[in-house]
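Have it open beside you while you read.

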Amino acid sequence: MAAYSSLLPSFHSFSSPPFSSPFSSSPNRKSISFPSKFLSPTPHPNPPILSFPQHHHRNYAFTPNGNSCCSSSSNNTTTNPSYIRKLLSFSFPLASPLVLCASIALSFSLLLADVDPASAFVVTTPRKLQTDELATVRLFQENTPSVVYITNLAVRQDAFTLDVLEVPQGSGSGFVWDREGHIVTNYHVIRGASDLRVTLADQTTCDAKVVGFDQDKDVAVLRVDASKEKLRPIPIGVSADLLVGQKVYAIGNPFGLDHTLTTGVISGLRREISSAATGRPIQDVIQTDAAINPGNSGGPLLDSSGNLIGINTAIYSPSGASSGVGFSIPVDTVGGIVDQLVRFGKVTRPILGIKFAPDQSVEQLGVSGVLVLDAPANGPAGKAGLQPTKRDSYGRLILGDIITSVNGKKVTNGSDLYRILDQCEVGDTVTIEVLRGDHKEKIPVILEPKPEVS
């Protein structure tokens, strides 16, 4: 009421500026200014009723010397200036209470209406956004319903009461893949969970079941039992034709802050990172400077059209927070994995069935290739006759075979070996060239599927 109450003194002030007579209409005629004493609210003992002469249509004016002039009447009573002054002085005591009542009524009406005093006299214009801002807002509004919040629950036993409790041990993001309830996320988001809960965009919480996962590519598929009306699949794009410099958008739940949007550009392509679970390399990874923090894992990376181009997976940061270098698994890689997980519950990927030494150990030996540490007899490499590293009867270390090429493609480290195997299928026969002692041998190996992991 501060803005409105400031109006009341103007209604109640009786020391107003000089009053100009409304009867003065001619430029040659001088208007009369009434002193403040004529505006005094003191009531007249017998105030007359305000009335006009019979010829109320006549126009009255006053000459500079104070004499009245009338176009058609010479009535001295009605045209006398002193008479008009008295008439006006009698009318103001009647008009003042009316103005006071009107101002009080206006104040009460504004108070009951509960209107913001400042906004009553301020006309706000609609917020104007630039074209790129409108596109970003529209992209966020259209894709937010497809992003979910995933809580990883683990069973813990209280040290004092020995009660078994289910407590959150981590959280991450995910997105709706189809209307059948399939949710795609990273494997490291659900790793070690006893139970999983998914929170949809409308804050509905559902228990989720694991359909399948691929540790090597850090991809997992969950399923929730929710109505199809609440599930909005995210549009699937293509990552093969991406260019460095194009805009990207990441939606996720960093630090538990649900549905957070960050923007950036593609700062690199065809990067390679290692799986957090197995250490197996993930090729053709997208690098972006869009802020990716703990909790963003498993969330979508979108292009400017709102299509999925990757899954936000990892960041390069000594502190663990965003440093402007984030990595996303390309959607072309994710699509094939998700299809296999949905259909079969697992990914059929060929393996050699060996364990090999770290790359640094091989470099210290002054050789290039992959040193075989173990080759189980029931595995593909063991069946083909590859020799593992072992010790003789005196405890001396005898190096195993060193793989130098596969199907004629040079192998210098473990990443090269994995990259070649990713291009093969289960049941393929590959020719492996190994360095055994001081000579090389070529050994054919039939690739077998990777055993299931519970």
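The points below go through cores, salt bridges, backbone angles and a surface patch.

1. First, the ground rules. This is a predicted model, with local features needing pLDDT of at least 70 and side-chain atom pairs counting only at pLDDT 80 or more, while totals for chains, interfaces and linings use all residues. Residues are numbered from 1 along each chain as its sequence is written, and side-chain values use heavy atoms, with hydrogens and water left out.

2. Start with the largest nonpolar core, which has 24 residues. A nonpolar core here is a set of buried Ala, Val, Leu, Ile, Met, Phe, Trp, Tyr and Cys residues joined through side-chain atoms within 4.5 Å; buried means under 20% relative accessible area, exposed over 50%, and partly exposed in between (1.4 Å probe, protein chains only). Phe175, Val184, Val219, Leu308, Val334 and Val338 touch the most other members. At least two residues each come from strands S10 (219–224), S11 (247–252), S13 (281–288), S15 (308–315) and S16 (326–330), and from helix H8 (331–344). H8 gives the largest share, 5 residues. Helices (H or I, at least four residues) and strands (E, at least two) are DSSP runs, numbered from the N terminus.

3. What does Phe175 touch, leaving aside its neighbours within four places in sequence? Its contacts (heavy atoms within 4.5 Å) include Val184 and Leu308, along with Ser146, His182, Ile234, Pro300 and Ile311. Apart from all this, there's a second, separate core of 20 residues, with Ile403, Val411, Leu421 and Cys424 among them.

4. On to charges. A salt bridge means a side-chain nitrogen of Lys or Arg within 4 Å of a carboxyl oxygen of Asp or Glu, and by this rule the count is 14. One of them joins Asp216 and Arg280 at 3.3 Å, N to O. Asp216 sits in the loop between strand S9 (205–214) and S10, and Arg280 in the loop between strand S12 (260–274) and S13, so the two are 64 residues apart. Both ends are buried: Asp216 has 3% relative accessibility and Arg280 has 4%.

5. The Lys217–Asp422 salt bridge (3.2 Å, N to O) is worth a look too. Lys217 is in the loop between S9 and S10, and Asp422 in the loop between helix H11 (414–421) and strand S24 (429–436), so this pair ties together parts 205 residues apart in sequence. Lys217 is buried at 6%, whereas Asp422 is partly exposed at 26%. Asp214, Asp216, Lys217, Arg280, Arg349 and Asp422 are linked in a network of salt bridges.

6. Which phi values would I check? Most residues other than glycine have a negative phi. Asp284, in strand S13, has a positive phi near 60° and is partly exposed at 45%. Asn407, in the loop between strands S22 (402–406) and S23 (409–410), has a positive phi near 50° and is partly exposed at 41%.

7. Last, the surface. Leu129, Leu134 and Val137 form a nonpolar patch with about 210 Å² of accessible area together. Patches are made of residues with over 30% relative accessible area and no salt bridge, like charges being joined within 9 Å and nonpolar side chains (Val, Leu, Ile, Met, Phe, Trp, Tyr) within 5 Å; areas come from the Shrake-Rupley method with a 1.4 Å probe, and for residues only the protein chains shown count as cover. Val137 is in helix H6 (residues 131–143) and is partly exposed at 36%.
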